[in-house]
Amino acid sequence: MLKVLSTHAVQGALVELAARFAAAGGAAVAVDYAPTNGLLARIGAGEVADIAILTRAGIDELAGQGILDGSTAVDLGRSLVGIAVRAGAPKPDIGTVEALKDALLAAKSIAYSRLGASGVLFAQLIERLGIADAVNARATIIPSGLTGELVARGEAELAVQQLSELMLVPGLDLVGPLPASLQTPGVFSAAVFTAATRPDMARQFLRALSSAEAAAAFRAAGLEPVGGQTLRPGGGRG
């Protein structure tokens, strides 16, 4: 069995692709999902698997430390940060920077994640907009997990997260992505651990994840496929 440590951002596609890989004669795949920053901390403390799926910069960081084999690293998909509301609730206008600012200030409660790439971006965004104190006074900041679950349960009005993560939660309506000028699109990438117990099978799985056939699954999960490009050093971690 292959062990994978993965960001939630690709979960919507990975469940199907892992099952497809096993059914085609590859190994069964066990995936542990958590935010990139949480996984980086665990891996830094010595946790090992066969494959890591993180932000591109997270993969670069671990490859630079020799923990991941940089020669195996591939980009899988790109995601935007967006907002969702409970199914059937009114959708605020977030199409411009000013409209988004007004919507955030008008919301009774906003859920975002402390460790996720989207949460880091959102925290920086509200600081830049000058509304951090007002938003955080009414925000529920979860340590990790899916912010949409709070909105689906009626515990928050707006959920902020990667669009691909919001799509994992039933009972939500997507409002849409944040304005393009405020986005730093997250690229999610994968690589094999240098200490992987099944490195050859892990490489096969990465080839499957970066294949043309996998692109449809990533697209359906709210990610823009990026064609399995070999990673380049650099880029900021979300």
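How many bridges join strand E5 (residues 81–86) to strand E8 (residues 158–162), and do these strands run parallel or antiparallel? In this predicted model, four bridges join E5 to E8, and the two strands run antiparallel. Val-81 has Gln-162 of E8 as its bridge partner. Strands (E, at least two residues) and helices (H or I, at least four) are DSSP runs numbered from the N terminus, and two strands pair if DSSP finds at least two bridges between them.

E5 and E8 belong to an open sheet of five strands with mixed pairing, ordered E7-E6-E8-E5-E9. Its edge strands, E7 (139–142) and E9 (172–177), each pair on one side only. From one strand to the next, the twist averages 25°. Helix H5 (residues 117–128) packs on the sheet and touches E5, E6 (110–113) and E8, contact meaning heavy atoms within 4.5 Å. The direction of H5 makes about 120° with that of E6; axes are lines fitted to C-alpha atoms, for helices over the stretch in contact, and angles run from 0 to 180 degrees between N-to-C directions.

Just after H5, Gly-130 takes a positive phi of about 75°.

The chain averages a pLDDT (the predictor's confidence in each residue, from 0 to 100) of 91, and 95% of the residues score at least 70. Over residues 229–238, pLDDT stays under 50.

Residues are numbered from 1 along each chain as its sequence is written. Local features need pLDDT of at least 70, side-chain atom pairs count only at pLDDT 80 or more, and totals for chains, interfaces and linings use all residues, while side-chain values use heavy atoms, with hydrogens and water left out.
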